[in-house]
Every structure is written in structure tokens, then in C-alpha cells.
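Me: I have a new structure to look at and would like to learn how to read it. Could you guide me through it?

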Amino acid sequence: MKSMIWILAGFLLATAFGVALIVKTDRTSGEEGKKLDASALESVLSVDQEAALHRKTSSGVKAPAFTLKALDGKTYTIGETSDKPIVLQFWASWCEACTVEAPTLKKLHEAYRDKVDFYGVNLSSEEKQAGNISSFVQQNEWSFTNLLDANKRASYLYELHALPTTFIIDTDGTLLDTFHMVDPMEFELKLDQLTEGR
């Protein structure tokens with residue numbers, strides 16, 4: 001009887017230790033990037049954005065890496081090194097501000113597509129109907145890649161608190177700028193500064 005109790009106690013202890021290791025393990029380890037925290041976002045915002053976009057100064061904050069499926073069924077990884085800078089915008093079909101900014105995103109994508117890669121990230125877990133995502137993309141004539149954040153993984157990593165939220169990421173994966181909805185002319189100026197000399 002005593003040996004049975006010791007075996008059971010050992011099993012429970014080993015199980016508890018295993019669970020503790022799983023819980024303690026950083027959920028962002030491996031291929032995924034580490035979550036942005038408030039201080040990381042603050043350091044991005046505190047850098048002179050014009051100088052950052054001209055690559056004269058840097059926040060030193062790396063964009064969290066994540067891999068998601070897109071509407072086209074392909075899988076894409078964002079946040080690693082890339083051939084071109086990236087404009088990454090989080091959006092949802094029910095977001096009125098996203099609807100207002102959608103034509104600006106279309107126009108800027110058409111103007112800068114040779115120098116900048118554009119990606120939309122739809123909060124698909126928040127959509128009432130999956131068809132709303134494709135409808136929104138078609139209505140706004142977006143031809144850039146739109147990723148589906150079905151489990152809120154990307155929005156968690158990027159500390160998403162409002163929609164739309166846009167991140168500008170350099171070719172080395174450094175986060176250059178982040179903002180919520182901005183004036184179309186200001187958005188265009190940011191991309192002019194980003195692509196100057198390219």
C-alpha cells in the first residue's frame with residue numbers, strides 16, 4: 001500500500017512539474033517573435049519618426065515574428081528580414097475607421113507597391129461571418145495580401161488595442177513607426193520618407 005502511495009505521489013509530482021514547465025515556457029519562443037511590451041512601443045514612439053523612416057536613427061525594437069495563413073490559402077511570415085520595408089495594418093470589416101482608411105491603403109499600395117510590401121491582418125476571430133472578410137477586401141479593391149489572425153496570435157504579439165493600427169517595419173525587421181488612423185497626406189509622407197533613395 002505504501003509503495004502504491006509513493007508511486008502515485010511521484011506521478012503527481014512529475015505531472016505538476018511538467019505542467020509548470022509548460023506554463024512557464026515563453027509562448028513566443030521558437031520561430032515566433034517576442035511580444036511587444038509597453039516600453040518597447042514607447043521607445044518606438046519616442047524616436048523621431050522622420051529620422052527613423054530615413055534610417056538615421058532607430059528604436060532598436062524588432063517587430064515580433066508571426067506566421068499566418070492568408071485569404072489566398074498561402075502561409076506568410078512577417079517580422080523577419082525582407083527584401084522591402086513592410087506596411088502592416090490590423091483591421092476588421094466591422095471597424096468604421098478601417099472603412100474610412102481603406103481607400104487610402106488602396107491608393108498607397110498602388111503607388112508604392114514596387115518599393116514597399118503591404119499586408120493586412122484581419123482579426124478573423126472577431127468577425128461575425130467569414131464572408132465579411134472577402135467582401136471587405138473586394139469592395140475596397142485591395143490587391144495586397146491579407147492574413148487571417150484566427151487565434152489572435154498576431155494581435156497579442158503586437159499589443160493591439162485599437163483598429164486600424166499600422167506598423168512600418170524595415171527590411172531588417174526593425175519597427176520604424178506605429179500609428180492609428182492618420183491623415184492620408186501624413187501616411188503618404190511617411191512612405192515618401194521610407195522609400196526616399198530606394
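Reply: Gladly; we will go from the overall fold to single residues. This is a predicted model, in which local features need pLDDT of at least 70 and side-chain atom pairs count only at pLDDT 80 or more, while totals for chains, interfaces and linings use all residues. Residues are numbered from 1 along each chain as its sequence is written, and side-chain values use heavy atoms, with hydrogens and water left out.

Me: How many helices and strands does the protein have, and in what order do they run?

Reply: Helices (H or I, at least four residues) and strands (E, at least two) are DSSP runs, numbered from the N terminus. From the N terminus on, the order is α-α-α-β-β-β-α-β-α-β-α-β-β-α.

Me: What share of the residues is buried?

Reply: Buried means under 20% relative accessible area, exposed means over 50%, and partly exposed is in between (1.4 Å probe, protein chains only). Of the 198 residues in the protein, 44% are buried.

Me: How do strands pair, and which strands does strand 6 join?

Reply: Two strands pair if DSSP finds at least two bridges between them. Strand 6 pairs with strand 3 in the antiparallel sense over five bridges, and I86 stands opposite I169 there. Another five bridges join strand 6 to strand 7, again antiparallel, with T166 opposite F179. Strands 6 and 7 form a hairpin with five residues between them, and G173 in that turn has a positive phi of about 90 degrees.

Me: Which way do the side chains of strand 6 point?

Reply: In a regular strand the side chains alternate between the two faces of the sheet. In strand 6, T165, F167 and I169 point one way, T166 and I168 point the other way, and all are buried. Five of the five residues of strand 6 are buried, so this strand is largely enclosed by the rest of the structure.

Me: How do I find the buried side of a helix, say helix 5?

Reply: An α-helix has 3.6 residues a turn, so residues three or four places apart point the same way. In helix 5 (residues 131–139), the buried residues are I133, F136 and V137. They cover an arc of only 95 degrees around the axis (the arc of the directions from the helix axis to the C-beta atoms), which puts them on the same side of helix 5. The face turned away from that buried side carries the exposed residues Q138 and Q139. Contact means heavy atoms within 4.5 Å, and what covers the buried residues of helix 5 includes strand 3, helix 4, strand 4 and strand 5 (145–148).

Me: What comes just after helix 5?

Reply: Just after helix 5, E141 takes a positive phi of about 55 degrees, and E141 is a residue other than glycine. E141 is exposed, with a relative accessible area of 53%.

Me: What caps the N-terminal end of helix 7?

Reply: D183 does: one of its side-chain oxygens lies 2.9 Å from the backbone nitrogen of M185. G197, which follows helix 7, has a positive phi near 85 degrees.

Me: Where is T174, and is it buried or exposed?

Reply: T174 is in the loop between strand 6 and strand 7, and at 6% relative accessibility T174 counts as buried. A polar contact is a pair of N or O atoms within 3.5 Å; within protein, one must be able to donate a hydrogen and the other to accept it, and residues adjacent in sequence count only if both atoms are side-chain atoms. The side chain of T174 makes such contacts with the side chains of K62 (3.5 Å) and D172 (2.8 Å).

Me: Which peptide bond is cis?

Reply: The bond joining L163 and P164 is cis, with omega about -15 degrees. P164 lies in the loop between helix 6 (153–157) and strand 6.
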